[in-house]
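Hello,

Here is the structure for you to look at. My notes on what turned up follow below it.

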Protein chains: 2
Amino acid sequence: MKIAVLGTGGGGRAHAARLAELGHDVYVGTRDPEATLARTEPDMMGNVPYKEWLTDHPGITLLPFGEAASAADNLVINGIDGHNALATLTAISDQLAGKVLIDYAVPYLYNPDIEHPWPTPWGVMPKLDPCDTDSLGEQIQRALPDVKVVKSFVTQEQETVVNPKAIGGGDHTMFVAGQDAGAKKAVTDLLTSYGWTDVLDVGDIVCARGMEMYAGMHSAIGLALGGHFGVKVVRR
Amino acid sequence: MKIAVLGTGGGGRAHAARLAELGHDVYVGTRDPEATLARTEPDMMGNVPYKEWLTDHPGITLLPFGEAASAADNLVINGIDGHNALATLTAISDQLAGKVLIDYAVPYLYNPDIEHPWPTPWGVMPKLDPCDTDSLGEQIQRALPDVKVVKSFVTQEQETVVNPKAIGGGDHTMFVAGQDAGAKKAVTDLLTSYGWTDVLDVGDIVCARGMEMYAGMHSAIGLALGGHFGVKVVRR
């Protein structure tokens, strides 16, 4: 399949690499491909310059956001940070129309009082905006009514999302939420190809609130354990 | 041990019954014992009148809130709903001083626009107050600096908290958070006596935010599955 990944950060790279490994044609979207390729320093998360990463991942195509979305058959993964996702996606709404958009962003509010503010340090509970009475997932769905938004991925560690078997042999749970049953099926199929065996549909896009608000608990567990964990819904 | 349970609702009853079964002396606190015993109708959750319940659970002592707290050796379980907990606990701060207070309340804001507003219907994400930048657990700890507040229980279903083996043979995870290591140890020991084998200390009372904000995800999972589930933190 032709699949688009929007964003060149660690999450986007993890998906792009895994999708290429699975034999898909991967189109990565960025604001300005020339600028992205011109960088020679690690990004603020310490990821190597994108050009260097791309050399190790041949066959992945870097395009402007809208062109990457256009190139996708059906699936577009939103790897743009929560602070910028809504504006960036709205600007390419025509190219996203009719497609499935998988959103895993957490809408952390930028905090200029913290020395290394972005992304949030483990264990410090960051402010979410929106929170509780709305969610980023719902905002994106409202802004892009012709797009089938599915909230997923966000309740598990980034490296675990694309490789669930690294934790507990893969026996833990991924959630999907959204308005469109076919879109949730497409995302579940993608997750199955990543190795997930337990994908739980928790319902409507309103459940994006629960997934985003779980971010604090996820951070607390990660800090307590030093990372490397999954969460399993145990049935009776 | 002499253990106090504040509140006569379903959660308080589950703990009182389990503690009595384990051989503890249980002191249940209520605002006005005579009024509680005078009720002849089920409460708003459909629980049978307390007097009737008490007949089936002999040996449990019903007292005013402050007297119940005074009677405890060390452990006091707060089963007062999130809307009323802070005011009620502050009023008996002298009787709670020096003791361990286990808090599992979720600070749902009363919504008069919903027909059956209290407690919140499954699957509807209720408004939390406080949320994200503060938590009820922290509010209680600040209001009662001489009390050792431990947030726990809240991420699992009520019947599972007192009987974890009913789900997945008991192989799932309970969290504790609080300032005092000894208090968390005392709560962990209590949980172990209930049957918990995996109790994870997630840190400071600030982590109460994560536990309370997890309530929406808990509701969504419960609605998707029809209840009867646990959550396990799977290590690598």
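**Notes on the model**

A:Phe153 is buried, at 2% relative accessibility (buried is under 20% relative accessible area, exposed over 50%, partly exposed in between; 1.4 Å probe, protein chains only). The model is predicted: local features need pLDDT of at least 70, side-chain atom pairs count only at pLDDT 80 or more, and totals for chains, interfaces and linings use all residues. Residues are numbered from 1 along each chain as its sequence is written, chains are lettered from A and ligands numbered from 1 in the order in which they are written, and side-chain values use heavy atoms, with hydrogens and water left out.

**Aromatic pairs**

There are five aromatic pairs over all chains. The rule takes rings of Phe, Tyr and Trp (its six-membered ring) with centres within 6.5 Å; planes under 30 degrees apart are stacked, over 60 edge-to-face, the rest tilted. A:Tyr104 and A:Phe153 have ring centres 5.7 Å apart and planes at 40 degrees, so this pair is tilted. The two residues are 49 apart and link distant parts of the chain. A:Tyr104 is in the loop between β5 (100–103) and α7 (136–143) of chain A. A:Phe153 is in the loop between β6 (148–152) and α8 (158–162) of chain A. Helices (H or I, at least four residues) and strands (E, at least two) are DSSP runs, numbered from the N terminus. A:Tyr104 is buried too, with a relative accessible area of 16%.

**B:Thr8**

B:Thr8 sits in the loop between β1 (2–6) and α1 (10–21) of chain B. Buried or exposed, by relative accessibility, is B:Thr8? B:Thr8 is buried, at 16%. Leaving aside neighbours within four places in sequence, its contacts (heavy atoms within 4.5 Å) include B:Arg13, B:Val28, B:Tyr50 and B:Leu62.

**Chain A overall**

Chain A has eleven helices and nine strands. Its radius of gyration, taken over C-alpha atoms, is 17 Å. The C-alpha atoms fill a box of roughly 50 × 45 × 35 Å along the principal axes. Buried residues make up 56% of the 236 residues in chain A. Among chain A contacts between residues at least 6 apart in sequence, 74% join residues at least 24 apart.

Best wishes

Key
Rg over C-alpha atoms; globule rule 2.2 N^0.38 Å.
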